[in-house]
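Trainee: Please take one part of this model and go through it closely. I would like the nonpolar surface, with every cut-off stated, and then its surroundings.

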Amino acid sequence: FDAASLVKRLRPHLPSDIFCYGAQKLVSSFNARKSCFGRRYEYLVPLESAAGAPGESVEDTVRNIASIWKEFEGTHWFHNFTKVSK
């Protein structure tokens, strides 16, 4: 299994807004929904979207954005976004 080669071959087939950083070989019994202990998400925001209000300093804009992103930090219960067990 050559993860780097797999990633290199996969990238041209992905939409422009999706990027694969790596790959990992797993056992066939692995189930991403049931077998994981947690997930880590990374959000990237284009710099253009960080433009502040007219007359607002860069420091104020950065401070405002940082306060919004604080809402995404930590552990969150996403039970409404998961498959309901029967």
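Mentor: What follows starts with the chain as a whole, turns to the nonpolar patch, and ends with the charged pairs and the confidence.

This is a predicted model, in which local features need pLDDT of at least 70, side-chain atom pairs count only at pLDDT 80 or more, and totals for chains, interfaces and linings use all residues. Residues are numbered from 1 along each chain as its sequence is written, and side-chain values use heavy atoms, with hydrogens and water left out.

The chain has three helices and zero strands, in the order α-α-α along the sequence. Helices (H or I, at least four residues) and strands (E, at least two) are DSSP runs, numbered from the N terminus. Of the 86 residues, 3% count as buried; buried means under 20% relative accessible area, exposed over 50%, and partly exposed in between (1.4 Å probe, protein chains only). The accessible surface of the chain is about 8600 Å², and carbon and sulfur atoms hold 58% of it. Such areas come from the Shrake-Rupley method with a 1.4 Å probe, and for residues only the protein chains shown count as cover.

Now the patch. Tyr 41, Tyr 43, Ile 68 and Phe 72 make up a nonpolar patch on the surface, and together they have about 480 Å² of accessible area. Patches take residues with over 30% relative accessible area and no salt bridge, joining like charges within 9 Å and nonpolar side chains (Val, Leu, Ile, Met, Phe, Trp, Tyr) within 5 Å. Tyr 43 sits in the loop between α2 (32-35) and α3 (58-69), whereas Ile 68 belongs to helix α3. Tyr 43 is partly exposed because its relative accessible area is 48%; Ile 68, at 53%, counts as exposed. Apart from neighbours within four places in sequence, Tyr 43 is in contact (heavy atoms within 4.5 Å) with Trp 69 and Phe 72. Tyr 43 and Trp 69 are 26 residues apart in sequence, with their C-alpha atoms 9.4 Å apart.

Thr 75 counts as exposed because its relative accessibility is 82%.

The charged pairs come next. The count is two salt bridges, each a side-chain nitrogen of Lys or Arg within 4 Å of a carboxyl oxygen of Asp or Glu. Asp 60 and Arg 63 form one of them, at 2.8 Å from N to O; both lie in helix α3, three residues apart, about one turn of the helix. Asp 60 is partly exposed, at 32% relative accessibility. Glu 73 also forms a salt bridge, with Lys 70, where the closest N and O atoms are 3.6 Å apart. Both Glu 73 and Lys 70 are exposed.

As for confidence, pLDDT is the predictor's confidence in each residue, from 0 to 100. The chain averages 80, and 81% of the residues score at least 70. Among the elements, α2 has the lowest mean pLDDT (78) and helix α1 (residues 3-10) the highest (93). Where pLDDT is low, the predicted coordinates should not be read in detail.
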